[in-house]
Amino acid sequence: MKIAVIGAGYVGLTTAVSLAWVGHDVHVVERDETRLARLQAGSPPFFEEHLAGTMVACAEQLHFGRSYESALAGAEVAFIAVGTPSGEDGAPDLSQVEGALGQVLDAVSERRRELVLVVKSTVPVGTGDLYDARVADAGLVGIVHLAANPEFLRQGRALHDSLYPDRIVIGGAPDALVTLRRVYRPVADQSFEAPSELPRPGGLSAVPLLEVDRRSAELAKYAANGYLAMRISYINEIANLCDRLGADVDAVASIIGADHRIGNHFLHAGVGFGGSCFPKDTRALAHIARENGYAFELIAAVIRVNGRQRARVLERLELSLGGVGGRRVALLGLAFKPGTDDMREAPSVPLAQALVERGAEVVGHDPRALEQARRILPGAVALASSPEEALLGADAAVLLTEWPQYLALTPNVFRAAMRRPLVIDGRNALSDAVRHDLEYYGIGRPVLTDLLERHDAVAAD
Ligand code: UGA
């Protein structure tokens, strides 16, 4: 099928590459010149595992340009996959979606052949209904059919999640769904040949294709992200209690996660969630509820807890260092999570800002995000080209992104480089050796020396 994809961000480009890989002819429209130049030269404009190689492998079925007309000519389906950043009051800013919609409608105004226009961007519930009116105004009723198709991929695993999703959700009128079923048939049936660098997970032979009404599809995306964010805030609250009670959040999480009604995913305590999705989508969910006269208490608490969690590392640094002014602090990891160079709403950003404001000397390292960091972090933050360089002469190190190379660092590396081997593990991910040998603080993990003292005290009683 000929398919147009509007927008080559994480969602748009990954969708385009996965649809090309399973056999469709995909035409991507990108308006940003720099981004487009990189795409036309054959490489993604951002780092995402496996995307570059697969893009090259299916280059014949992938086309990039800025013209809506040529991408849409003869296309049966068009996906709108542009950004919906947070606007005022948490409301998603739909200006990019509306701009793309307008351009698509203009480009197909003379058209007689039907087009299924799929909103893949995360949009408030009822957006499809509102846009039906735009289709009617353009005189395209019966020609353009709007559908919703939320995306559940994770950055760092984007292509994997597109080719091997847990489910595919399509919402819309029956005519639109018939076409979308054809688009997704190879993924639903898992009938495509797996890329050699991304083998099919063992036992996966089919993916559920869930067909629902458009509003339910739109809400499902927010509901899924809100729920996952809630689990993170929940385990972070438990971690904070663990710190007060001398319990270990890793042990508690594995015990509750062993209950199959709960499951063990998204129970990893740390500095809180970041990225381009959870912070924005939780705010949007609260806003959507408010707009509809409903006080969504739980999501409001999830957002508050996440804000408070981010402050914990700074509190620990202040306490351990007796104030951070004049201290050298190394930040290991600047991206919001491993596997990406994305720093949107990354915990590193407010922490670096707060440290600089308090007079600390801050040095950061990230294996992928240094280019982003240069643009985003305050100029006073030095950027190191290796973890060892970042640690050199530091009074404290903070792990903010659990990149594998940081987890492989031995206690000796920290000791040899740092002025004081104080390590704050914002991801509860560093090795047991580091945990035992250095002045180590995790999130909801007992400080081992304290534990020993407590045991000694109990023994003495
Ligand atoms: C998230 C969802 O997982 C995807 O399903 C969804 O499609 C995507 O948002 C989106 O809306 O586009 P993503 O933001 O890429 O994906 O990353 P996650 O792996 O979900 O991590 C989000 C944040 O939560 C990260 O900051 C991560 O460090 C944090 N996290 C995650 C925790 O603190 N603890 C956990 O146990 C899991």
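**Ligand shell, salt bridges and surface of a predicted model**

A backbone N or O atom of Gly274 lies 2.9 Å from an oxygen atom of the ligand, a polar contact in the sense of a pair of N or O atoms within 3.5 Å (within protein, one must be able to donate a hydrogen and the other to accept it, and residues adjacent in sequence count only if both atoms are side-chain atoms). The protein covers 90% of the 710 Å² of accessible area that the ligand has on its own; such areas come from the Shrake-Rupley method with a 1.4 Å probe, and for residues only the protein chains shown count as cover. This is a predicted model, in which local features need pLDDT of at least 70 and side-chain atom pairs count only at pLDDT 80 or more, while totals for chains, interfaces and linings use all residues. Residues are numbered from 1 along each chain as its sequence is written, and side-chain values use heavy atoms, with hydrogens and water left out.

**Ligand surroundings**

- The ligand is surrounded by 19 residues, the closest being Phe152, Leu153, Gln155, Lys221 and Asn225; a residue is near a molecule or strand if one of its heavy atoms lies within 4 Å of it.
- Gln155 places a backbone N or O atom 2.7 Å from an oxygen atom of the ligand.
- Arg427 has a polar side-chain atom 3.0 Å from an oxygen atom of the ligand.
- Helix 9 (214-245) and helix 11 each supply at least two residues of the shell, and helix 9 gives the most, with 3 residues.
- Helices (H or I, at least four residues) and strands (E, at least two) are DSSP runs, numbered from the N terminus.

**Salt bridges**

- Side chains of opposite charge can pair when their charged atoms come close.
- The count comes to 25 salt bridges, each a side-chain nitrogen of Lys or Arg within 4 Å of a carboxyl oxygen of Asp or Glu.
- Arg435 forms a salt bridge with Asp248, with the closest N and O atoms 3.6 Å apart. Arg435 lies in helix 18 (residues 432-437) and Asp248 in the loop between helix 9 and helix 10 (249-257), so this pair ties together parts that are 187 residues apart in sequence.
- Arg435 is buried, at a relative accessible area of 10%; buried means under 20% relative accessible area, exposed over 50%, and partly exposed in between (1.4 Å probe, protein chains only).
- Arg358 pairs with Glu318 in a salt bridge whose closest N and O atoms are 3.1 Å apart. Arg358 sits in the loop between helix 13 (348-357) and strand 10 (361-365), and Glu318 in helix 12, 40 residues apart.
- Arg358 is partly exposed at 40% relative accessibility, and Glu318 is partly exposed at 28%.
- Glu361 forms a salt bridge with Arg328, the closest N and O atoms being 2.6 Å apart. Glu361 is in strand 10 and Arg328 in strand 9 (residues 328-332), so the pair ties together parts that are 33 residues apart in sequence.
- Asp129, Asp132, Arg214 and Arg215 are linked in a network of salt bridges.

**Surface and cysteines**

- Tyr294, Phe296 and Leu298 make a nonpolar surface patch of about 310 Å². Patches are made of residues with over 30% relative accessible area and no salt bridge, with like charges joined within 9 Å and nonpolar side chains (Val, Leu, Ile, Met, Phe, Trp, Tyr) within 5 Å.
- Phe296 lies in the loop between helix 11 (278-291) and helix 12 (297-321).
- The structure holds 0 disulfides, a disulfide being a pair of cysteine sulfur atoms within 2.5 Å.
- Cys242 is buried at 3% relative accessible area, and Cys277 is partly exposed at 29%.
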